[in-house]
Amino acid sequence: MRQLTKVEIERIKLLTEKSVEVTLIEPTGTGLEKSIMDATGSVRAYLKDKNIHDYELQNQGQESKIQVNSYLVSPDGLIQSIASLYRPNTKKGDPRIWFKGLGVYSKANDILGIISYENDLYVVNVTQLDFESLIYGIANNPLKELVNEINSLSREVADELLILLRKISLQGAIPAMLQADTAIGRTLETLLGININSSKQPDYKGIELKAFRDKRGNRKNLFAQVPDWSASKFKSCAEILDEFGYNRGDDFKLYCTVSAIVRNSQGLKLKLDTDVRQLIENSEKASVGDFVVWGLETLHKRLLEKHNETFWVATDTFIIDNKEHFIYKSVEHTKKPIVSQFDILLEQGIITLDHLIKRTQVGKVVEKGPIFKIKPNALSMLFPPSQSYDLLSK
């Protein structure tokens, strides 16, 4: 697909701000003439994620073609269409997609957005439609109605969670349910009736919860992700610990922050190789050099999985009778990070990673990370405009 123009990027951002998930496709002149488009990887992934169609399960040939009810969105109305999803007998069965009437609706090399809603597909011409005037204008129109319906559905769970958090905040200072840095989040999850587990899925009906001690100004946790061991020189966190660890009390550990800007006291630093799409951790030791890698696409996927929608809960802490207490006071509500920004923020040292590895007295190696974190007050550099709520106000 060609590079998006600044206007097209701004139009996609408008959809993002309204919680509308979209995949993009670009018809060529030849494709419009022959009524055919390649279903790119991003299109295939979107259709599979939305339970519309899985090309991997589809046989080749016209007899295996799938048709999905669709609409072409114009300023004046919805144009009835049909999406044909198939794999031809020729060219190794490369996945194809076509929308009836697209030859009139679109010009060659227009950028089209495909939106799934209630098992139907809607095509919006990102290049030609004035999203801002249509979505925010006074007059009703199909795009405005579609966007508002999707946005309204996304608000239901958020509003439900917000009500629960306000009830908790009105209880005042709540004693920590354990003594640890994680107590702030674990206590909140327990109050919300969320089972404590190691799942990578969001916490509350699709919304991730991130509680943090507001006065500390600490970096905020984004997600944990182990390296791609198969592509790395070191094959386990135990090898990293053996090479760079140190003794602290009864434990042998490696607790440190690694940045792309400067080397830390262990001589570790991050670097990005955009040609091979990898984040690399490097040691200043000549005998070690580059020792673990992460695929950038894997990191992007984890970011999107974890923070499709997030409540960042700011918390005041107090010590009462030698025990930490929490008042959950405000929420910053973010949606759908801009993954292209992730790489830039890594390079700028705004996103860093923490190793949290230790070997216990019985010889067991425990790894809580690596955890990718973002600097305080930098959420707006990774997420579209957020909404803030004061939990203590009535």
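Predicted model: local features only at pLDDT ≥ 70, side-chain atom pairs only at ≥ 80, totals over all residues.
Visitor: How much space lies in the largest pocket?
Guide: A pocket is an open set of points on a 1 Å grid over the protein atoms alone, where a 1.4 Å probe fits, with protein on both sides within 12 Å along at least five of seven lines. Grid points are joined across faces, edges and corners, and the volume is the space filled by probe spheres set on the points. For the largest pocket this comes to about 2000 Å³.

Visitor: Which residues that line the largest pocket are the closest to its centre?
Guide: Lining residues have an atom within 4 Å of a point. There are 46 of them in the largest pocket, and the closest to its centre are Val22, Thr23, Leu24, Ser42 and Tyr46.

Visitor: How many residues of this lining are nonpolar, polar and charged?
Guide: Ala, Val, Leu, Ile, Met, Phe, Trp, Tyr, Cys and Pro count as nonpolar, Asp, Glu, Lys and Arg as charged, and the others, Gly among them, as polar. By class, the lining has 14 charged, 14 polar and 18 nonpolar residues.

Visitor: Which strand pairs with β3 in the parallel sense?
Guide: Strands (E, at least two residues) and helices (H or I, at least four) are DSSP runs numbered from the N terminus, and two strands pair if DSSP finds at least two bridges between them. β3 (residues 66–73) runs antiparallel to β4 (residues 78–86), with eight bridges and a hairpin of four residues joining the two. The parallel partner, over four bridges, is β7 (residues 120–125).

Visitor: Which residues of helix α7 are buried?
Guide: Buried means under 20% relative accessible area with a 1.4 Å probe, protein chains only. What covers the buried residues of α7 (residues 183–191) includes α6, β8, β9, β16 and β17. The buried residues are Ala183, Ile184, Thr187, Leu188 and Glu189.

Visitor: How many residues apart in sequence are the parts that Trp312 and Phe383 tie together?
Guide: Rings of Phe, Tyr and Trp (its six-membered ring) pair if their centres lie within 6.5 Å; planes under 30 degrees apart count as stacked, over 60 as edge-to-face and the rest as tilted. The count comes to ten aromatic pairs, and Trp312 with Phe383 is edge-to-face, at 6.1 Å centre to centre and 70 degrees between the planes. Trp312 lies in β16 and Phe383 in the loop between β20 and β21, so the pair ties together parts whose separation in sequence is 71 residues.

Visitor: What is the relative accessibility of Phe372?
Guide: Phe342 and Phe372 form a tilted pair, 6.4 Å centre to centre with 50 degrees between the planes. Phe342 lies in helix α10 and Phe372 in strand β20. Phe372 counts as buried, because its relative accessibility is 0%.

Methods. Residues numbered from 1 in each chain as written. Heavy atoms only, no water. Buried < 20%, exposed > 50% of the residue type's maximum accessible area, 1.4 Å probe, protein only. Contact = heavy atoms within 4.5 Å.
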